[in-house]
Amino acid sequence: MSYPHTLIATLLVALLGWTTSASAYDYPIKNPYEATVLGTPPADKYQWEEPRKVKKKVLTVNLEKDLSDITLAGAYGLADMKLLYAKQKGPAPLIFVIAGTGAAYNSPKVTFLLDTFYQAGYHVITISSPTKPPFMAAASSTHMPGLTNYDAEDLYKVMTVALDKVKDDIEITKKYVTGYSLGGIDSAFVGYLDTQRKEINFDKVLMINPPVNLYTSVSNLDSLIPAYRKRHPDATGEKLFADVFERLGRYFNESGGGVKFGPETLFEIQKSDQALPMDDVAVLIGVSFLFSSADLAFTSDALNHTGWIIPADEHYSPVSSQSTYWYKRSLRWRFLDYFEKMVIPWWQERHPGDTKEDIIQKVSLFAIEDYLRNNTSVGVMTNQDDIILGPGDIEYLQSTLGNRAKIYPSGGHCGNMDYKDNVAYMLDFFNN
Amino acid sequence: MITYFRQLLLPLAMIASVWLAATSPAYAAADVSEMGDISELRDPQYYVDISAQKSSLDFLDVYDPLEPMNKRIYAFNRLFDQYVFLPALSAYRFVFPQFVRNRFQDFWANIGEIPNIYNSLFQLKIERTASSSWRLVINSTVGILGLWDPATEWFEIDRAKEDFGQTLGHWGVGAGPFLVLPIFGPSNLRDTTGLVVDYVGEKEVDFLGVREAESNDDTGGWLLKGFDALNQRDINQFRYGMLGSPFEYNKVRYLFNQQRELLIAD
């Protein structure tokens with residue numbers, strides 16, 4: 001009598017088990033722009049059973065560059081090449097983490113990756129993006145960041161010097177490299193360079209939300225502000241700001257005033273009636289990218305003396321009253337202006353005959369396609385809706401890396417990096 | 001809560017202003033659907049529509065006639081921070097655990113309730129005068145001379161900072177030229193005046209005898225001054241070079257003025 005029931009129950013359980021295991025990537029934010037800005041709600045982050053206190057210190061490496069010519073370097077402490085370093089007591093793998101565009105060695109996303117891999121039992125060293133002015137001044141041989149093949153050489157140098165510095169301090173079992181966004185493609189180029197130089201011998205390389213075609217990624221980010229203008233022709237920054245302020249004010253009033261601002265607050269606001277419209281969220285990404293581009297274009301100009309921003313007969317000086325004027329000029333530079341006006345001429349001087357298309361190919365993932373295809377130690381983790389990808393990019397990653405390409409359905413650009421499934425995937429990738 | 005507001009809104013203010021300035025309305029009204037999906041980013045034709053736009057970035061022009069001198073003092077402050085303040089702060093943090101430093105923080109904040117009270121009154125903000133007074137009474141008694149902050153923790157009366165610079169701003173006095181003060185950092189003529197008035201004001205009231213003792217040129221006086229300064233540096237999260245930007249001076253100058261405007265408006 002009870003037999004059929006048991007059977008049905010077993011079937012049901014099996015079915016249930018099947019649906020849960022096959023399902024359902026539950027990263028909660030479905031809009032890619034919102035995911036990019038907000039990240040992962042605290043409750044959905046990866047939780048460690050016994051979190052340890054992460055002890056990290058700043059590691060300063062000297063690349064013995066002659067900075068005497070570079071007044072810029074001394075001006076605002078840009079001469080120091082600083083890394084973050086966290087070590088385990090016993091033998092452990094060492095992982096290098098490379099920051100994304102405009103981000104420093106101690107920025108929130110980098111620190112998150114440091115904490116994660118430290119909890120997982122690795123030694124960790126983090127490096128600023130080659131697009132960050134201090135890196136450009138202290139560690140770049142070209143002062144022309146974004147050229148991933150050249151940037152990889154600089155990063156490789158920093159890594160070997162750093163390794164040399166810590167080698168008596170820690171016991172290293174394996175060597176890994178990872179990075180997110182531009183740092184993702186950087187890590188692949190570093191891995192590729194390593195197969196030729198063989199000075200470090202990386203065991204594994206993981207790209208997190210990398211660009212596939214750099215030009216596409218930069219165009220996408222450059223276009224966010226004009227796209228906003230197109231949708232809201234009469235909008236102004238002041239109105240946007242006033243609107244944000246008003247919404248927050250109403251949210252706090254409606255909540256009875258008892259709300260404290262915490263890690264959950266932004267997510268709560270976005271669930272409420274006072275949620276910021278997606279257009280506003282998207283334009284914030286564009287503006288933050290504009291800031292990075294301006295710093296980068298200016299620093300590159302100051303170091304290479306191209307004359308585009310600082311007139312050729314003037315020199316950068318930290319006490320010069322010209323800085324406001326220069327800043328304004330820099331803020332008018334989109335990343336693509338930097339590429340067209342500074343990067344292409346610089347490249348063509350060294351590689352005569354190369355067209356713009358050639359350059360784009362040589363600094364994008366296509367340039368190291370064979371390495372990506374044949375090297376089973378290289379993987380990628382990204383999202384179907386990553387805003388820096390263009391047509392065909394996801395398919396390219398899948399066809400090149402096969403099952404080493406992990407594509408999540410949502411998460412925008414790096415928004416789901418700290419989501420529980422993603423962290424589990426990253427750890428699994430390196431641990432197994 | 002106001003503090004949290006500001007932490008969020010300052011970067012937003014900067015972002016909004018730059019965006020405002022860096023672009024100009026060059027488009028006729030088009031589709032105004034929300035940016036809910038990214039299909040257009042996947043469409044190569046999309047970029048045909050998108051072009052660069054130029055307009056003025058006047059908002060970056062903070063009135064700064066003493067800029068060369070200010071920049072030199074700024075550079076001095078950076079070195080002072082690097083070689084004097086931050087090493088001293090490390091020692092301070094090494095000697096005193098977080099719990100003890102929190103007591104110092106609450107103590108100095110309680111002393112600083114005095115200017116909050118009279119400046120709220122000067123601005124005829126009666127409710128705020130009352131709440132700041134209550135905070136002083138509660139924290140000085142229940143909070144044991146201000147070492148704890150039960151006014152916030154138990155009674156949920158938030159701290160509301162008001163200084164004489166804000167009072168002047170409230171009554172319409174403009175910021176005046178931007179100034180970088182040695183060691184104190186960014187300011188302007190109005191707020192520097194405010195600093196002086198509050199210094200005198202606090203000394204006149206001399207709550208718990210601290211400000212008078214602090215101004216003495218003896219060991220106790222210098223010790224108090226040192227503790228006061230270290231406590232402030234401990235709270236202040238700013239580090240020179242943290243922006244990693246060649247335009248740090250411009251950004252700090254802009255953000256300082258924006259922050260003051262927000263404080264005055266609030």
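A nonpolar core is then a set of buried Ala, Val, Leu, Ile, Met, Phe, Trp, Tyr and Cys residues joined through C-beta atoms within 7 Å.

Ground rules for the entries: this is a predicted model, so I only read local features at pLDDT of at least 70 and side-chain atom pairs at pLDDT 80 or more, while totals for chains, interfaces and linings use all residues. Residues count from 1 along each chain as its sequence is written, and chains are lettered from A and ligands numbered from 1 in the order in which they are written.

**Entry: the cores**

I looked up the largest nonpolar core and found 116 residues in it, with Ile95(A), Val97(A), Ile127(A) and Ala188(A) touching the most other members. Helix H12 (residues 278–304) of chain A gives the most to this core, 15 residues; helices here are DSSP runs of H or I, at least four residues, strands are runs of E, at least two, and both are numbered from the N terminus. The core takes at least three residues from each of domain 1 (32–212 + 365–431) and domain 2 (221–348) of chain A. Those domain bounds come from an automatic or database domain assignment.

What does Ile127(A) touch, not counting residues up to four places away in sequence? I get Leu83(A), Phe96(A), Val97(A), Ile98(A), Ala99(A), Tyr105(A), Leu155(A) and Val158(A), where contact means C-beta atoms, placed from the backbone, within 7 Å. Apart from the core of 116 residues lies another core, of six residues, including Ile114(B), Ile117(B), Leu136(B) and Val210(B).

I counted 18 helices and eight strands for chain A, and twelve helices and two strands for chain B. Buried residues make up 49% of the 432 residues in chain A and 29% of the 266 residues in chain B. For contacts between residues at least 6 apart in sequence, 68% in chain B join residues at least 24 apart; in chain A the figure is 78%.

**Entry: domain 1 against domain 2 in chain A**

The two domain centres, taken over C-alpha atoms, are 24 Å apart. The contact takes 24 residues from domain 1 and 26 residues from domain 2. On the domain 1 side, helix H2 (32–38), helix H3 (71–75) and helix H5 (133–138) of chain A each give two or more residues, and H2(A) has the largest share, five. I sorted that side into 16 nonpolar, seven polar and one charged. My classes: Ala, Val, Leu, Ile, Met, Phe, Trp, Tyr, Cys and Pro are nonpolar, Asp, Glu, Lys and Arg are charged, and the others, Gly among them, are polar.

**Entry: Trp333(A)**

Buried or exposed, I wondered about Trp333(A)? Trp333(A) is buried, because 24 other C-beta atoms lie within 10 Å. It is found in the loop between helix H13 (323–331) and helix H14 (335–350) of chain A. Leaving aside neighbours within four places in sequence, Trp333(A) is in contact with Ser293(A), Ala294(A), Ala297(A) and Tyr338(A).

**Entry: around H6 in chain B**

I checked the length of H6(B): its 16 residues should span 22 Å at 1.5 Å a residue, and the end C-alpha atoms are 23 Å apart, which agrees. The expected span is 1.5 Å times one less than the number of residues. Among the buried residues of H6(B) are Thr129(B), Arg135(B), Leu136(B) and Ile138(B). The buried residues of H6(B) pack against helix H4 (98–111), H5 and H7 of chain B.

Next, the loops. Leu124(B) lies between helix H5 (113–122) and helix H6 (126–141) of chain B, with phi near 55 degrees. It counts as exposed, because 10 C-beta neighbours lie inside 10 Å. Leu145(B), in the loop between H6 and helix H7 (150–153) of chain B, also has phi near 55 degrees. Leu145(B) is partly exposed, with 14 other C-beta atoms within 10 Å. I flagged both since most residues other than glycine have a negative phi.

**Entry: the hairpin in chain B**

Strand S1 (residues 178–181) and strand S2 (residues 185–188) of chain B run antiparallel, joined by four bridges; strands pair if DSSP finds at least two bridges between them. Leu181(B) stands opposite Gly185(B) in S2(B). The hairpin has three residues between its strands, and Ile183(B) in the turn has a positive phi of about 65 degrees.

Note on methods. A residue is buried if 20 or more other C-beta atoms lie within 10 Å of its own, exposed if 12 or fewer, and partly exposed in between; C-beta atoms are placed from the backbone. Two residues are in contact if their C-beta atoms, placed from the backbone, lie within 7 Å.
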